[in-house]
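Please read the following briefing alongside the sequence and the coordinates.

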Amino acid sequence: MTSGPRAQGLATDTTAASDLDVAREVLAQESAALSELARLLDERFTEAVEVFAKVGGRVIVGGIGKSGQIARKVAATLASTGTPAQFVHPSEASHGDLGMVTAQDAVLLFSKSGENGELADILSYTKRYSIPLVAITGNPTSTLGLAADVVLTLPDVAEACPMGLAPTTSTTMMMALGDALAVALLERSGFSADRFRVLHPGGRLGASLRRVSDLMRTAPEVPLAARTATMSDVLLVMSEKNFGCAGIVDDGDRLAGIITDGDLRRHMAPGLLELTAGAVMTPSPQTISSNSLIAEAVAIMAGKITNLFVVDDGRVVGIVRLHDCLQAGAA
């Protein structure tokens, strides 16, 4: 009979393997459900998008229990991607929050069964004031399904828990369908990165959506030297501007090349200071436009270079530093 630490180790290994098997089975079931949901999508999805695209007010999103939690997330996703939206709890709606729903709005309700009693008042309200209603439910012939103008039906697949009771697969499908609505509306409206940045000013996401023009250094801070300048003059520029590099320009401030600390080491010789910048520079350096996103600048610089010259219409208009991007929270 095995006992002691070795037996405990065997038990732990067996438990870990069992846990992984359960996790993989859950993910497989939910993945299969999403595939079935995608397969069954039809023109009713387009009708739902039409309803929300035409709304003059907001999309009012609601649900009870776990469906309500999904509804909160979907409302936030809609709002952050250009479709004004607000979560209203159906129970609170029955106690005054129906005042948040106007005749200019549309309503999106989540319920697997479609028979939640708490939905009754908001359903009556939408009918009374002819407010468009879209339902996401597993039962199109339920009270909710019959009351809705458009019904998006969830496939009849089992929940991922062994008892088939805990909302798992159904809520995954609800979340995905809400995301699909949000993205379809985003695409229709031509929602841009600029608009996304306005709605997401905080954190790393907001910083990465800023423009290069917001962070770049401009004249007189930009380290530039003429192609015909001697290296003694270039070294003075590099020392004064303190970027560890100098942009080498032709007539008209057109960037011809760059000289970095690495270029200096490669050309280190007694006659270095008498050479021209054109003889030492690395030609055709990477550049970026002032209208590009900071995220693009970071992607170019990350792990390779620490400065990027900003060029518009062939002319140097600034320089952006990786350090400044990091300080702004863009990486």
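**Backbone, loops and pocket**

Pro220 is found in the loop between helix H10 (212-215) and strand S6 (224-226), where helices (H or I, at least four residues) and strands (E, at least two) are DSSP runs numbered from the N terminus. The model is a predicted one, in which local features need pLDDT of at least 70 and side-chain atom pairs count only at pLDDT 80 or more, while totals for chains, interfaces and linings use all residues. Residues are numbered from 1 along each chain as its sequence is written, and side-chain values use heavy atoms, with hydrogens and water left out.

**Backbone geometry**

- The peptide bond that joins Ala219 and Pro220 is cis, with omega at about 10°.
- Most peptide bonds are trans, and most residues other than glycine have a negative phi.
- Ser130, although not a glycine, has a positive phi of about 50°, and its place is in the loop between H5 and S4.
- Ser130 counts as exposed because its relative accessibility is 63%, given that buried means under 20% relative accessible area, exposed over 50%, and partly exposed in between (1.4 Å probe, protein chains only).
- Asp313 likewise is not a glycine and has a positive phi, here of about 55°; Asp313 lies in the loop between S11 and strand S12 (315-321), and with a relative accessible area of 74% it is exposed.

**Around the loop between H5 and S4**

- Pro132 has its place in the loop between helix H5 (120-128) and strand S4 (133-137), and its relative accessible area of 29% is why it counts as partly exposed.
- Leaving aside neighbours within four places in sequence, Pro132 is in contact (heavy atoms within 4.5 Å) with Val51, Asp105, Ala106, Val107 and Asp149.
- Pro132 and Val150 are 18 residues apart along the chain, and their C-alpha atoms are separated by 8.5 Å.
- The structure holds 1 aromatic pair, a term for rings of Phe, Tyr and Trp (its six-membered ring) whose centres lie within 6.5 Å, with planes under 30 degrees apart counted as stacked, over 60 as edge-to-face and the rest as tilted.
- That pair is formed by Tyr125 and Tyr129, and it is tilted, at 4.9 Å centre to centre with 50° between the planes; Tyr129 counts as partly exposed, at 38% relative accessibility.

**The chain as a whole**

- The protein chain has 15 helices and 12 strands, and of its 331 residues 40% count as buried.
- Among contacts in the protein chain with a separation of 6 or more, 63% are accounted for by residues 24 or more positions apart.
- His323, in helix H15 (residues 322-327), is partly exposed at 44% relative accessibility, and its C-alpha is 9.8 Å from that of Val298, 25 residues apart in sequence.

**The largest pocket**

- About 220 Å³ of space lies in the largest pocket; on a 1 Å grid over the protein atoms alone, a pocket is an open set of points where a 1.4 Å probe fits, with protein on both sides within 12 Å along at least five of seven lines, and lining residues have an atom within 4 Å of a point.
- Of the 13 residues that line the largest pocket, the closest to its centre are Ile258, Thr260, Ile305, Thr306 and Asn307.
- Strand S8 (255-260) and strand S11 (307-312) are the elements that give two or more residues to this lining, and S11 supplies the largest share, 3 residues.

Technical notes: Points joined across faces, edges and corners; volume = space filled by probe spheres on them.
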